[in-house]
Structure formats: C-alpha cells, structure tokens
Amino acid sequence: MIQILYPLGLLAALGILVPVIIHLWNIKSGRTLKIGSVFLLGTPTNQRSRSFRVQDWPLLLLRTLLIVLAAMLIAEPVYVSTQKATKQAGWVLLEKAEFSNIWKQEHASLDSLIKAGYEIHDLAYDFPKIDVKDSATTFSTPSSGKLPYHALLKQLDHLHPAGTNIHIFAANERDNFRGVEPAKHLNVHWELLQPDSTNSTWLAAAYQLQNGGVRTLEAVAGNKGTYYKTTQTSTGANPEIPLDTATTLVQLYAPNNMADAEYVRAAVKAIAQYTERKISIAVLTDINKLSPQTKVLFWLSDKKLTGAQRAALPRGTRLFSYEGDKVQNIKSSIQDAAGVALQNVTLLKRTQNASKKRIDNAAAPDKGIWIDGTGQPVLALTREGNIDHYRFYSRFRPDWTEMVWSDQMVYFLLPVILPESAARNAFRDALKAPVAKADLNNAQQIAADANLKSQVVATDVSPWFWYLLLLLFLTERWITYNKRKVVS
Amino acid sequence: MSKLLDPKIMMAIKDLSLAAKTTIDGFMQGINKSAIKGPGMEFSQYRSYQPGDDLRLLDWKMFARSDRYYIRESEIETNITLRLLVDASASMDHQDGDFKKIDYARYLAASLAYLGNLQGDIIGLNVFREHEVIALPAKQDFQHLSRLFYQLEQITPAGKFTAADVYTPLYTGGGSSELTILISDLYQDTNEIFELLDVAGTMKHEVIVFHLMSRNELELDFQGYSNFEDLETGETIQVDQSAIRKAYMSKLQTYLEEVKERALDKRIFYRMLRTDQPLDTAIRDFLNQRKKLKV
C-alpha cells in the first residue's frame, strides 16, 4: 500500500490546471485557413461547443499524469507492507569497549546465546555489528554514537519485528538510563553488570556542609573516565586537602522581573538542598548596597550594568545577566557544548547574539556553556577583569523557555553556582548509582503476543516514480515532436 | 494525342497568351479538320453535278471552260460567338498548393479564347465581380484576344458573386445564339449563379459550366488546420478533419450530384474540373459543344 509522508506536497498537483487550460486554449489559437466555402465542413452552430472541447486527449492525459507524478514525488511516497516476522534468533547488545569485561563476567551466557544464533551488535547508534571472530575488530576504542540506552531502545524497536529477543549486557549505572523508558515491541532481557573494579581513586575536594558536617569528594578514575564519589564525615578536616568553609552568597537583582527571580531562587535552593552546601540567597534592591561577600549576582533586568557598577563588583564575582535586546522567535533545544540537550526543554524565544553571523561556538569569543540547536550560545561565559560574566541570551519566563518549569533548570544554573568541575560532577554522583533489574522493563510491552508476529516495513518508492516520470516525459516529448513534424 | 502539360507547369508561365498557345497547339496536334463539306469561302473541291443539286452551287465559269457541270464545294465555315464568363468572387481565391482557383480559371479561359480565335470565333469576356461586370464585347480579331488576355490578367477576386441587377443589362439584347462558358467554383450565397445561367438559357444560348474543384476540397486534405474561414462570408469554423471526414465526403457527393442535376435540368452542359488535372477534358467538351452549335 502506497502511503504519503508529506500530504501537503499533493497541493502541487493543482498544477494540472496548466495543461488543461493550455489544451482548452489551444484550439482557439489554431491557425486559420481561408477556403472557398465552409458550408461543406459543417454547420457553424456547433462552433461554440467545439471551441471548448479539449484536443489531444492522450497528450493532455500524459501531461496531467506527469504533474501528478511530480506532486507525488514531492509528497514523498512510501510503500508500506507488513512482513511476516522471520524466525530470527535475536541480538546481543553490548558496548564494544566493554566487551572484554563482559566476556569475562558473562562468558557462559554469551557463548550459549551465540550458539543459539544471536548476533552481537554494538550498543551504540545504528548498532554496528561486532564480529567477535574477526581479529581486525578493535574493542578498545569507545563507540562513536553513544546515546542513553532508552534512546537506543527506541531505535532498536523500529529495527526488529515485535517480540524479537534482545539481550543487552550493560553496566548498571543510572547515568546510562537517563530519560523515560520507551514502550516497545521487543522482548528485552537486561543483563546488568557490575562496573569494572580496577579503578584508581583519590580525594578531590572537601567542603563544609550546612549542618556542620564535612563532605569529601573521591574521584574514581576507571576505564570509562573519571567520576566522583561523595563520602560524608561528621567533623574533622582531612589533612590531604583544604576544607572549603566559605558560604556562597547569591544575590538576586530583579526590580521589574520578580517572577523571573523566583524561578532562579527555587533552582538555587534546590542546588543548596541537594548539595547541602552553604548557599544563601538574598534579594538585592539597590546595586550600591551590594554586599562585598557576594559570590554570584543574578542581574535579571533588561537595564544593563554600567561600566562603573561592573568595576565596583567584588573580585571574583560571578555575574549572571540577561543579554541582548532583539527578540527572536525560535523553537529549539538547549544543549551543552558537547551537544547533549536538556531533556524536555524547548527554547521558544531568545535574544540575538552580538555577532549576527552564525559562528562556530568553539571559536567564539564568548564561548557558550549552553547553546541552542543552531549553535548560537544561550549561556556564554567571558572573563572581564575581576569578574566572570555569564551572559544569558534568553529570559527565565515560561513564554521564553520551558526550562523554568523543569528540573533541568538546576543543571542549567549549576555551572554558575558551583563552577568547580569536581563539585559539579559530585552533584551527578547519583547518576552512578546502580540500577536494579526491577527498575527496567517497566514500560509497556506492546503486542508481544504470538499472533502478531509481523512487522510494518516502509520502503521508499520515489526512485520508481522518478523512472516513471522520465518515461512519461520522454513519451510526451516524442509525441509532441512527431505532431509538430506532421503539422509543418 | 499528346498528354497536355501539368497545369502546375503551365501556370508557372506568367504570359497567358503563351500558356494558352502552348496548351492549344499541343492539343490540336493530330486533330483532323472538319470533314463536313459545304458552301463556304474556303475552296475544297469540285465534283460533277448530280441531278437534284442546288443550281446555285454550279460553277458557271468552269462550265464555260469545260462545258461540263461542276459543283464547287468548300469547307463549311461557321464562326460562332463565344462568351466566357469568369467568376471573380472572393471564393475563387481558394488555394491548393501553389495556385489558386482563379489562376486555373484564368488559364482555362485564355486557352479557350485562343482556341476559339484560332477557329475564327467571335469571343467576348465577362468577369463577374461583386458590384460590376467587366464586359468585353464579342469581336473577332487578334488584337481583341490580346485585350482579353489583359483583362484576364487583371482579375483580382473579391466579394460575393454579382447581383442580378448588375448583369441583367448585358443580356437584354436579342442576337444570335452564343456559346456561353461559365468558369466558376459554384459557391453561391443564395442562387445567384444559377439565376445567371437561367438568363443565359432563356436567350437560347448553349451553356457550358466548368465547375472548378481543387484537390484539397475533394479529398478534405487541409493538413494541420482546424480553423477554417470562409473567403466570402468571413465565417470561421473549427473542425477536426478526421472526425468529420465521413460526413464531409457524403455531403460533398450530394452537393456535386445536386449541382449536376440542376445544370442538366436547365440543359446546361456541366463538367467538374479538378484544378490539378490538365485542360484536355475541358477543351474536348468545348469542341463538342461548339460542333453542336454549328450544325
């Protein structure tokens, strides 16, 4: 069955009006021959009815068909067929870089699966096949298309008929399972592995908490990179690293935008609550009364700070300000420099960046910490004299970005409140928490029953339309050419 | 009899007299002179007197010389009046290939006039235009033939066929019987051409009608055209030739039959000429009719 992906393209079929009009018109502009008498040719009474008669039905039909086909091409036709699901053993998915580790741990089950006919594929975008027996396969390099597993599952679901058995061997870190688990047709069997224990650890930071306790950050460097573990002690400094006892004073200046300030305050509070760090928030009404202890100043006003005011800020202040005047409607995402987007956050409006040209973010003078889908910085950091200036090219308002409704705002503001990477990564410590098997496969299992073992396959048929179009075009030309020859 | 040259070639000769001469000379080759002997100017033979012969025909000088009765005979010599009527209505501009019907009519008229002149006939010409009739009185001399050729050359078809009130004065006088030859395409609005023929018929003229039809008319072969304009009425019509071919052919047949019948009813000799055919049928018809008039 032919289906159309872009039905609006069929509007182009209105173009058939053109040949129809031409064919109706044609007869009127025909050449006139003067002859002795027309009385033998017929009665002139039917002249009127004849003048609106279409000439050359086959040619008109051809031309109409030509245009309809072109319209179909624009409408992107696909041939949708249901195929009987083949009796396929299924896939084993694992991260290529983890292969040796997994092989060590799950040798027996992997072996039996391979014997049962399972194929081993990389747990990455497009699922490249891993040939275990091929000595040319390099396992050490990490796969390029690494995505959260749930996103990969979505893709996987389209690749296989319903009910296919998929065995996934994956590290049980929560970080890999970000997002919402998708509903799927597949029979997914998770084999969760303990992370590789051959890691080196060291103390990265220690800071005093609100309740007086001390939290130390332990960096763990494994074969998948460095992550941080927190440990909490009641008191006492660790001699290895200095204890951070400072309080982060966050000042909010929003004379006309108190609603904006409330969103920020909530996010900062959430950060404070979770990290248990000493963070205090105050609303500033007069810039001249700025406390010298201020660490972060949120300047949530369209009125710019004057140069003198900026110079008067305490040394090391992190200034977060609204930037840009020219509002631009956009529908995009907010991504970090690596391209990982804030989840479920749409950027609806933004202000234009100073440089109008689209520039490479990496080369930009104010490097974006967060960028939008087009690569323009949304939050950019520049060091100006004594201060770190965070420029925000949008506003904390629901009609500007959905971020204010979402927990993602915490991630967004984290680099401003806690600029040290160690502290920031400790915040994400929770992502390294192990995932239990029970947490998975909770999403709806769709139509996995034995009766419906068929798969819907959509094939692009536009090449055939191209061939047909070409054929029709040549036929039309040929007929027209021959006709002309006869006339002349 | 040698085949006459193709009209296409003959009409390429712009000089009408030359074209006519070429045609007629070619035609007359091998045609025997009149076998009828009788009284006349040109001496033919003597024969001995038979009782019952008209004594007026006795050659008395011969009797004086030879003391015998001889009857002097000469070829019968009759010169008839020949009147050529040429239709110069716009429809004569109908074209097939390189020439128009009027060209053919001109050439035909010139050939007949030349032939007539050769035989000592008195020749007149009437060209029927919309509001006037160019009338060349019937005369018998070679210069008159030149005048006639000149008039023929001047014909430019325009408008409709002449109204009756214009030409009636020409046909009022009595006079002897004439041979009237009408060269026309017989496309008429009402009945004006046949009315003219009626007038000629009532004067006891022998009438020949040469009906000119071109090949593309007879075969409905107007290639590449779907619009047609009537040369006389200006009416346009759009037709698909292949679609109406059958109807056209039957209509054409009926039309030709009807015209022929009407002509025969009036005791008019009717001949349809295809403009792509040589003149020989036309000339033969002319000679036959001329003979009738003589006897």
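1. Let's start with chain B, which has ten helices and twelve strands. Helices here are DSSP runs of H or I with at least four residues, strands are runs of E with at least two, and both are numbered from the N terminus. This is a predicted model, so keep the rules in mind: local features need pLDDT of at least 70, side-chain atom pairs count only at pLDDT 80 or more, and totals for chains, interfaces and linings use all residues. Residues are numbered from 1 along each chain as its sequence is written, while chains are lettered from A and ligands numbered from 1 in the order in which they are written.

2. How much of chain B is buried? Of its 295 residues, 34% are. A residue is buried if 20 or more other C-beta atoms (placed from the backbone) lie within 10 Å of its own, exposed if 12 or fewer do, and partly exposed in between. Contacts, meanwhile, are pairs of residues whose C-beta atoms, placed from the backbone, lie within 7 Å. Taking the contacts in chain B between residues at least 6 apart in sequence, 75% join residues at least 24 apart.

3. Now have a look at the open sheet of six strands in chain B, ordered β7-β6-β3-β8-β9-β12 with mixed pairing. Two strands pair if DSSP finds at least two bridges between them. The edges are β7 (133-139) and β12 (269-274) of chain B; each has a single partner strand, so one side of each lacks a neighbour in the sheet. From one strand to the next, the twist averages 15°. (Axes are lines fitted to C-alpha atoms, for helices over the stretch in contact, and angles run from 0 to 180 degrees between N-to-C directions.)

4. Zoom in on β9 of chain B, residues 206-213, which pairs with β12(B) in the parallel sense over six bridges. Across that pairing, Ile208(B) sits opposite Phe269(B) in β12(B). Helix α7 of chain B (residues 192-202) packs on the sheet and touches both β8 (178-184) and β9 of chain B, its direction making about 160° with that of β9(B).

5. Next, helix α2 of chain B, residues 16-28. Which residues of α2(B) are buried? They are Leu16(B), Ala19(B), Ala20(B), Thr23(B), Ile24(B) and Phe27(B). Seen down the axis of α2(B), these buried residues fall within an arc of 115°, so they line one face of the helix. That arc is taken from the directions from the helix axis to the C-beta atoms.

6. On to where the chains meet: 25 residues from chain B and 19 residues from chain A take part in the contact. On the side of chain B that touches chain A, the largest share, five residues, comes from α9(B).

7. Strand β2 of chain A (residues 32-35) and β10(B) pair in the parallel sense over four bridges, and Lys34(A) stands opposite Glu229(B) in β10(B).

Notes:
Two residues are in contact if their C-beta atoms, placed from the backbone, lie within 7 Å.
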